[in-house]
Structure formats: structure tokens, C-alpha cells
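Dear colleague,

Please find below the structure that I am handing over to you. My findings follow it, and I would be grateful if you would read them with the coordinates open.

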Amino acid sequence: MPGEPDAVVLSKVFTLSAIVEKETGLTAYDPQTERPLVDTPPQDAIGLMSGVTDDLRSRYSG
């Protein structure tokens, strides 16, 4: 299914960022969506990551 590997990676990123936020009091910020990561719906992040992955593959034949 398209986007599935992206969903796995982003699930880990969201989990890790939540741990870092809890332990440090810092806020994870996503400059691509211009908002805190916690405010980024996972489907938005997955769509964005899938688009970037597709673009890079088309540019670099991968």
C-alpha cells in the first residue's frame, strides 16, 4: 500500500518526539507544515513525506 512505509517511519518519529518533549519540556516543530509536530495530523505528515519520497525517486531514478 502506498505510504505504508512512511506511516511506520512517521509513527516512530511522532513517538520519539513525544518522549523528547516530555523529558525536556521542548516542543518539536515541523518547519514543512509550520506548526508544532503535535498539531500535525499524521495523515498530513504521511502525505507530505510520500510526496517528497516520490519526488526524490523521480529525480534520482530510485
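**Findings**

R59 and D55 both lie in helix α2 (residues 42-60), where four residues, about one turn of the helix, separate them. Helices here are DSSP runs of H or I with at least four residues, strands are runs of E with at least two, and both are numbered from the N terminus. The side chains of R59 and D55 meet in a salt bridge, at 2.9 Å from N to O. The term salt bridge denotes a side-chain nitrogen of Lys or Arg within 4 Å of a carboxyl oxygen of Asp or Glu. R59 counts as exposed because its relative accessibility is 56%, whereas D55 is partly exposed, with a relative accessible area of 33%. In these terms, buried means under 20% relative accessible area, exposed means over 50%, and partly exposed lies in between (1.4 Å probe, protein chains only).

Please note that this is a predicted model: local features need pLDDT of at least 70 and side-chain atom pairs count only at pLDDT 80 or more, while totals for chains, interfaces and linings use all residues. Residues are numbered from 1 along each chain as its sequence is written, and side-chain values use heavy atoms, with hydrogens and water left out.

**Overall architecture**

The secondary structure comes to two helices and two strands, and from the N terminus on the elements run α-β-β-α. Along the principal axes, the C-alpha atoms fill a box of roughly 40 × 20 × 20 Å. The protein has 62 residues, of which 18% count as buried. Its accessible surface comes to about 4800 Å², and carbon and sulfur atoms hold 60% of that; accessible areas come from the Shrake-Rupley method with a 1.4 Å probe, and for residues only the protein chains shown count as cover. Of the contacts with a separation of 6 or more, 45% are between residues 24 or more positions apart, contact meaning heavy atoms within 4.5 Å.

**The second salt bridge**

The structure holds two salt bridges. Besides the pair in α2, the side chains of R35 and D44 meet in a salt bridge, at 3.0 Å from N to O. R35 counts as partly exposed because its relative accessibility is 27%, and D44 is also partly exposed, at 38%.

**Helix α2**

The length of α2 agrees with expectation: at 1.5 Å a residue its 19 residues should span 27 Å, and its end C-alpha atoms are 27 Å apart. The expected span is 1.5 Å times one less than the number of residues.

Within α2, the residues A45, I46 and S50 are buried. They cover an arc of only 130 degrees around the axis, so they sit on the same side of α2; the arc is that of the directions from the helix axis to the C-beta atoms. The face of α2 turned away from this buried side carries the exposed residues S58 and R59. After α2 comes S61, whose phi is positive, near 50 degrees.

S17 is found in helix α1 and is buried, with a relative accessible area of 13%. Leaving aside residues up to four places away in sequence, S17 touches A28 and L37.

A18 is found in α1 (residues 4-24) and counts as partly exposed, at 42% relative accessibility. A18 and V38 are 20 residues apart in sequence, and their C-alpha atoms are 7.9 Å apart in space.

V9 also lies in α1 and is partly exposed, with a relative accessible area of 38%. The C-alpha atoms of V9 and M49 are separated by 9.7 Å, with the two residues 40 apart along the chain.

On the surface, L16, I19 and V20 form a nonpolar patch with about 270 Å² of accessible area together. Patches are made of residues with over 30% relative accessible area and no salt bridge, like charges being joined within 9 Å and nonpolar side chains (Val, Leu, Ile, Met, Phe, Trp, Tyr) within 5 Å. I19 lies in α1 and counts as partly exposed, at 48% relative accessibility.

**A positive phi in the loop**

Which residue other than glycine has a phi near 55 degrees? That residue is E34, found in the loop between β1 (29-30) and β2 (35-36). E34 counts as exposed, at 63% relative accessibility. Most residues other than glycine have a negative phi.

With kind regards
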